[in-house]
Amino acid sequence: MRESARASAREVIVTGTENSARLFKEAQKYIPGGVNSPVRAFKAVGTEPLFIKKAYGCRVVDEDDNEYIDFVGSWGPLILGHAHPRIVEAVELAARKGTSFGAPCAAEIELARMITEAFPAIDTVRMVNSGTEAALSAVRLARAYTGRDKIVKFEGCYHGHGDSFLIKAGSGLMTAGVADSPGVPEDLARHTLTVPYNDKSAAEKIFAVYGKEIAAVIVEPVPGNMGLVLPEEGFLPMLRDITGAYGSLLIFDEVITGFRLNYGGYQNIAGVKPDLTVLGKIIGGGLPVGAYGGRREIMDMVAPAGDVYQAGTLSGNPLAMAAGTAGLKLLRADGFYEKIAEQTRLYVRELKNLFEARKIAVVINFTGSMFTVFFSDKKYINNYQSAVSCDTAKFANYFRLLLNKGVYIPPSQFELSFISSAHEDGDIEEALKRTDQALNLFNN
Ligand SMILES: *Cc1c(COP(=O)(O)O)cnc(C)c1O
């Protein structure tokens, strides 16, 4: 979710980051806004970005040599922590043999095979370079397959920055979407219909009106980009049923959830088989990767098997393939997912106690190794509307207090925190101790 309002800069000032401040000034001379992805600018939390010098395990170190316990995990890919020795080794070995061939290599087959084996709904898979590219390619394919133009997405879900996704809901449920960024043609925006997440009846209404024009429904099965929101019982099966009934495709965007909650996708947990799946983040082991895959009959329309065009100079890059396969192999270890889930349960439980003891109203959503602390006095956060009602100024203060104590969480209320296998018991305890100290200074 994009936040335009700069949080009020009241109270907490981040200190000891002079080198980052100097680099940020320098970066702004050469890079728009000084960063290569907007959320990194820390605008929503009323301070300036950290420049990271190095990272290892669950720790990141900034250019002023401050060390932080990291809950960002590069926004999802680093389920094994930073600079995992096996991934570093795999990348080094691959690099010695050449960084890019622009020709097929065996490593591509290995990663593709591992993905198809872990996802019963994926017969074949195409590698690309980012989640954005994967999502927009999947939508192009769905449009080609169905011969229809409209897509349905859910409010607060993020599918990268493809034109068809940078759309906000129109004024009423049945009105077409409007561009959410300058540069997105209104003619394209009207093909994207936006529905509240977890709202079955809204989805039914949209299909009752537009069903025969809808190429696909795209959804994050567990949304992470409005902060963590969980799918309500029956919501995803309902999407499967209704898309099937109208001849539309169901696309699961599992860029975050792919290999995050289990060895495979959330689709395996939910027991819902999408037609197409979009992947990224973890499957690249920290290198730039995306992928989309699904039923053979649909995927066979992608060039050169079929005539839906999609290509990439660096797609299937040998370094990225090596990092991805090395990472996935480690995720197959017995009890891997149980352990990080248990670590997260413990952390969230203690975190809740810290807030309760101070009567700070929060909702903490969590599942597996991901969680979001929402500053809200609501009972639960289950969609975009309840997420945006959170107190972002309080969140911003919390963020800056944590930063000063050496705990690094995503610089926005509407993001996920991640725990990796590199978060050992001692790190969890230390993070709780630092959070406790930070909250002693919190002005509720
Ligand atoms: C991160 C993300 C994307 C975009 O992936 P990029 O690699 O950043 O382009 C798409 N969908 C979801 C659900 C994501 O979290």
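Contact, as the word is used in this report, means heavy atoms within 4.5 Å. The structure is a predicted model, in which local features need pLDDT of at least 70 and side-chain atom pairs count only at pLDDT 80 or more, while totals for chains, interfaces and linings use all residues. Residues are numbered from 1 along each chain as its sequence is written, and side-chain values use heavy atoms, with hydrogens and water left out.

Helices (H or I, at least four residues) and strands (E, at least two) are DSSP runs, numbered from the N terminus.

Helix α13, residues 392–405, has 14 residues and reaches 20 Å from its first C-alpha to its last, close to the 20 Å expected at 1.5 Å a residue, where the expected span is 1.5 Å times one less than the number of residues. Buried means under 20% relative accessible area, exposed over 50%, and partly exposed in between, with a 1.4 Å probe and protein chains only. Because 10 of its 14 residues are buried, α13 is largely enclosed by the rest of the structure; among the buried residues are Phe 395, Tyr 398 and Arg 400. What covers the buried residues of α13 includes β3, α11, β14, β15 and α14. After α13 comes Gly 406, whose phi is positive, near 90°.

Two of the covering elements, β3 and β15, belong to an open sheet of four strands in the order β1-β2-β3-β15, with mixed pairing; two strands pair if DSSP finds at least two bridges between them. The edge strands are β1 and β15, each of which pairs on one side only. In this sheet, Asp 70 stands opposite Tyr 408 in β15.

Another covering strand, β14, forms a hairpin with β13, with two residues between them, and Gly 368 in the turn has a positive phi of about 55°.

| Strand pair | Sense | Bridges |
|---|---|---|
| β13 and β14 | antiparallel | five |
| β3 and β15 | parallel | two |

Elsewhere, helix α6 (residues 200–210) and helix α7 (residues 235–246) pack at an angle of about 10°, with their axes 10 Å apart. That angle makes α6 roughly parallel to α7, since angles under 35 degrees count as roughly parallel, over 145 as roughly antiparallel, 65 to 115 as roughly perpendicular and the rest as oblique. Axes are lines fitted to C-alpha atoms, for helices over the stretch in contact, and angles run from 0 to 180 degrees between N-to-C directions. Residues of α6 including Phe 207 and Ala 208 meet residues of α7, including Met 238 and Tyr 246.
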